Amino acid sequence: TGNPGIVQIYWDQQQEPETGTQGKEKTPIFRTKGRLNLDVPNDDLKLFQQLLNFSYIMAGWGKGWRRAWHEGPSQWHSGFYPGYAKRAIGCHWVYDDASFEMPDIKSSDDLKEFLNNLQNYLKIYLKQDRISSQNFKEAWNSSNLTIFLKVVSQAQAIGLFHDDNFKTTLAIGGRFPHKNHPKEVSPPKAASCVWHRMLPIGNNQYLEIVTVFHGDRRLWKREGVDQLIPFIKALKDKNLVFTWGKYF
């Protein structure tokens, strides 16, 4: 509706956004810094704080949030895929406000504890004994997703998204490989079912987090071949460690 909700969100811009273009295709890019303010009823404050923590830790906001920032060296950030200069892809969020109670996550065990605590809290909040998938493609259900991670100084998994097979798999690349797309999959275009986050943990290190959603295995078919297990094997070959969800 057009009526205001019970939660109000305000963005306090602390610097004018820097804009520009990057890559051979001159993709528009920007960098900004500000403070996010929430006006939330006391009873719901913890819920929204937890959800903001979750969004920041696992992905981010805005266009391209499913991918870590790709671009090579620039005046803003060195990027996580050196040499990739076709177009700007992804985003990178850095948190630096000590007034917000952000959990200290620097390992697989830390992330596992955070996700378990968040899910248990939501079960109590929603008065549910379990969290049902309800057939949503990306419902946060431990049977429908798998999380891998590794402490790194540079991204290990980012190149997999540009592998010839994986990038033309709908669940990974987010689009059909050619005009003769699978008739059984609808809609004709789809977003990627894989999240890739480079979470800053200090000392020029990151927690590289890859979240793989596999509730709809049709999206993982490429020319009739299921690419889920090969993709998971490729993550393991990069020494990313299983952390949460369904184990393969």
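Where is N239 found, relative to α4 and β10?

First, the basis. This is a predicted model, in which local features need pLDDT of at least 70, side-chain atom pairs count only at pLDDT 80 or more, and totals for chains, interfaces and linings use all residues. Residues are numbered from 1 along each chain as its sequence is written, and side-chain values use heavy atoms, with hydrogens and water left out.

Now the overall layout. The chain has four helices and ten strands. Helices here are DSSP runs of H or I with at least four residues, strands are runs of E with at least two, and both are numbered from the N terminus. In sequence order the pattern is β-β-β-β-α-α-β-α-β-β-β-β-α-β. The chain has 248 residues, and 40% of them count as buried. Buried means under 20% relative accessible area, exposed means over 50%, and partly exposed is in between, with a 1.4 Å probe and protein chains only. The accessible surface comes to about 14400 Å², and carbon and sulfur atoms hold 50% of that. Those areas come from the Shrake-Rupley method with a 1.4 Å probe, and for residues only the protein chains shown count as cover. As for contacts, meaning heavy atoms within 4.5 Å, take those in the chain with a separation of 6 or more: 65% of them join residues 24 or more positions apart.

Next, the helix pair. Helix α1 covers residues 42-58 and helix α2 covers residues 108-125; their axes come within 11 Å and cross at roughly 145°. The axes are lines fitted to C-alpha atoms, for helices over the stretch in contact, and angles run from 0 to 180 degrees between N-to-C directions. The crossing is left-handed, that is, the near helix is turned anticlockwise from the far one by less than a right angle, where clockwise would be right-handed. On the α1 side the contact includes L47, F54, I57 and M58, and on the α2 side it includes L111, F114, L118 and Y121. By class, there are eleven nonpolar, two polar and three charged residues in that contact. Nonpolar covers Ala, Val, Leu, Ile, Met, Phe, Trp, Tyr, Cys and Pro; charged covers Asp, Glu, Lys and Arg; the others, Gly among them, are polar.

Two residues sit in the loop between α1 and α2. R67 is one of them. R67 is buried, with a relative accessible area of 12%. Beyond its neighbours within four places in sequence, R67 is in contact with I89, G90, C91, F161, I172, S192, V194 and H196. K106 is in that loop as well, but K106 is partly exposed at 42% relative accessibility. With the neighbours within four places in sequence set aside, K106 is in contact with V151, I201 and L207. K106 and Q205 are 99 residues apart along the chain, and their C-alpha atoms are separated by 9.4 Å.

On to α4. Its buried residues are L228, F231, I232, A234 and L235. An α-helix has 3.6 residues a turn, so residues three or four places apart point the same way. The buried residues of α4 pack against β5 (145-152), α3 (170-173), β6, β7 and β9 (225-226). P230 is also in α4, and is partly exposed at 35% relative accessibility. P230 is 64 residues from F166 in sequence and 9.1 Å from it in space, C-alpha to C-alpha.

In strand β9 there is V225, partly exposed with a relative accessible area of 45%. V225 and T169 are 56 residues apart in sequence, yet 9.7 Å apart in space, C-alpha to C-alpha.

That brings me back to N239. N239 lies in the loop between α4 (228-237) and β10 (241-245). N239 is not a glycine, but it has a positive phi of about 70°. At 53% relative accessibility, N239 counts as exposed. There is a second case, N204, with a positive phi of about 55°, again not a glycine. N204 is in the loop between β6 (194-202) and β7 (205-213), and is exposed at 69% relative accessible area.
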